[in-house]
Amino acid sequence: MTKLLINLTTAKDNPDKTVVAFVVANAGVATGQEVTIFLSVEGVRLAVAGYADDISSPGFKPLKELLADFTDNGGKIWVCPPCFNARELDKDNLVPNATFAGGAPVVELLAQDAASLSY
Amino acid sequence: MQADVTLDAGETGCGELTLLIFKTMKTLCSGQTLEVMAYDLAAETDIPAWCRMTGNPLLAQNTESRPKRFLIQKST
């Protein structure tokens with residue numbers, strides 16, 4: 001099983017990029033890879049339950065469904081705390097499989113030869 | 001936790017937190033211990049990861065307390 005790290009920096013500010021990141025992430029879980037999405041910058045908003053409900057991009061399933069597919073099939077979501085706190089988001093209302101993680105675990109994963117993509 | 005040195009990292013998080021620990025650990029002698037006090041949401045993820053990657057054992061942690069507390073030993 002290969003490790004894949006996807007860094008996602010967008011949310012409603014760029015719905016196309018946001019949706020595509022999850023589509024690719026799901027391609028990863030569907031092929032048996034160990035996939036982690038690291039939410040940073042605006043991407044941290046996706047960690048709040050319900051925020052993704054109205055995000056979509058032409059040609060793809062709604063992000064709400066893509067997110068559920070991802071977490072239901074073992075995908076992990078890491079959330080950058082400084083980015084999260086700077087936006088004054090609710091840490092007690094996170095989507096499933098979301099945990100706070102900063103630079104050290106991200107670097108550790110990359111140092112373990114994880115492939116990475118950044119959106 | 002009984003430690004040789006205490007670091008109050010306050011709200012510092014992410015790469016700034018681990019860099020602060022890195023710089024503080026430089027001032028310790030091998031075998032000495034550092035207690036880190038942190039409020040960062042990801043401290044219980046980031047600090048153990050830093051310890052694994054740098055080879056400095058995490059001897060104890062209390063992530064229920066506020067601040068959270070981590071006891072790290074400088075490797076020999």
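Predicted model: local features only at pLDDT ≥ 70, side-chain atom pairs only at ≥ 80, totals over all residues.
1. Side chains of opposite charge can pair when their charged atoms come close. Because Lys12(A) lies in the loop between S1 and H1 of chain A and Asp54(A) in the loop between S2 and H2 of chain A, the pair ties together parts that are 42 residues apart in sequence. Helices (H or I, at least four residues) and strands (E, at least two) are DSSP runs, numbered from the N terminus.

2. A word on how to read the names and values. Residues are numbered from 1 along each chain as its sequence is written, and chains are lettered from A and ligands numbered from 1 in the order in which they are written. Local features need pLDDT of at least 70, side-chain atom pairs count only at pLDDT 80 or more, totals for chains, interfaces and linings use all residues, and side-chain values use heavy atoms, with hydrogens and water left out.

3. In chain A, five strands make an open sheet in the order S4-S3-S2-S1-S5, and their pairing is parallel; two strands pair if DSSP finds at least two bridges between them. Strand S4 (98-100) and strand S5 (115-118) of chain A are the edge strands, each pairing on one side only. From one strand to the next, the twist averages 25°, where axes are lines fitted to C-alpha atoms, for helices over the stretch in contact, and angles run from 0 to 180 degrees between N-to-C directions. Strand S3 (residues 76-79) of chain A is joined to S4(A) by three bridges, and the two run parallel; Trp78(A) stands opposite Thr99(A) in S4(A).

4. Which strands of chain A does helix H1 lie across? Helix H1 (residues 15-30) of chain A lies across strand S1 (3-8), strand S2 (34-39) and S5 of chain A, and runs at about 170° to S1(A). Helix H2 (residues 63-72) of chain A also packs on the sheet, where it touches S2 and S3 of chain A, and its direction makes about 110° with that of S3(A). Contact means heavy atoms within 4.5 Å.

5. Glu88(A), in the loop between H3 and S4 of chain A, has a positive phi of about 55° although it is not a glycine. Tyr119(A) is placed in the segment after S5 of chain A, and, not counting residues up to four places away in sequence, Tyr119(A) touches several residues, including Ile6(A), Leu8(A), Lys17(A) and Val24(A).

6. In chain B, four strands form an open sheet in the order S1-S2-S4-S3, with mixed pairing. Strand S1 (5-10) and S3 of chain B stand at the edges with a single partner strand each, so one side of each is left without a neighbour in the sheet. S1(B) and S2(B) run parallel and are joined by five bridges, whereas six bridges join strand S2 (residues 33-38) of chain B to strand S4 (residues 68-73) of chain B, which run antiparallel. Strand S3 (residues 58-62) of chain B pairs with S4(B) in the antiparallel sense over four bridges, and these two strands form a hairpin with five residues between them. Phe70(B) in S4(B) stands opposite Val36(B) and also opposite Gln61(B).

7. The loop between S3 and S4 of chain B holds Pro67(B), which a cis peptide bond joins to Arg66(B), with omega about 5°.

8. Finally, the interface: chain A and chain B bury about 980 Å² between them, 72% of it on carbon and sulfur atoms, buried area being the accessible area (1.4 Å probe) that two parts lose on being put together, summed over both. Phe100(A), Ala104(A) and Glu108(A) supply 45% of the area that chain A buries against chain B, more than any other three residues. The contact takes 13 residues from chain A and 13 residues from chain B. Across this interface the rule finds one salt bridge, in which the side chains of Glu108(A) and Arg52(B) meet at 2.7 Å, N to O.

Technical notes: Salt bridge = Lys/Arg side-chain N within 4 Å of Asp/Glu carboxyl O.
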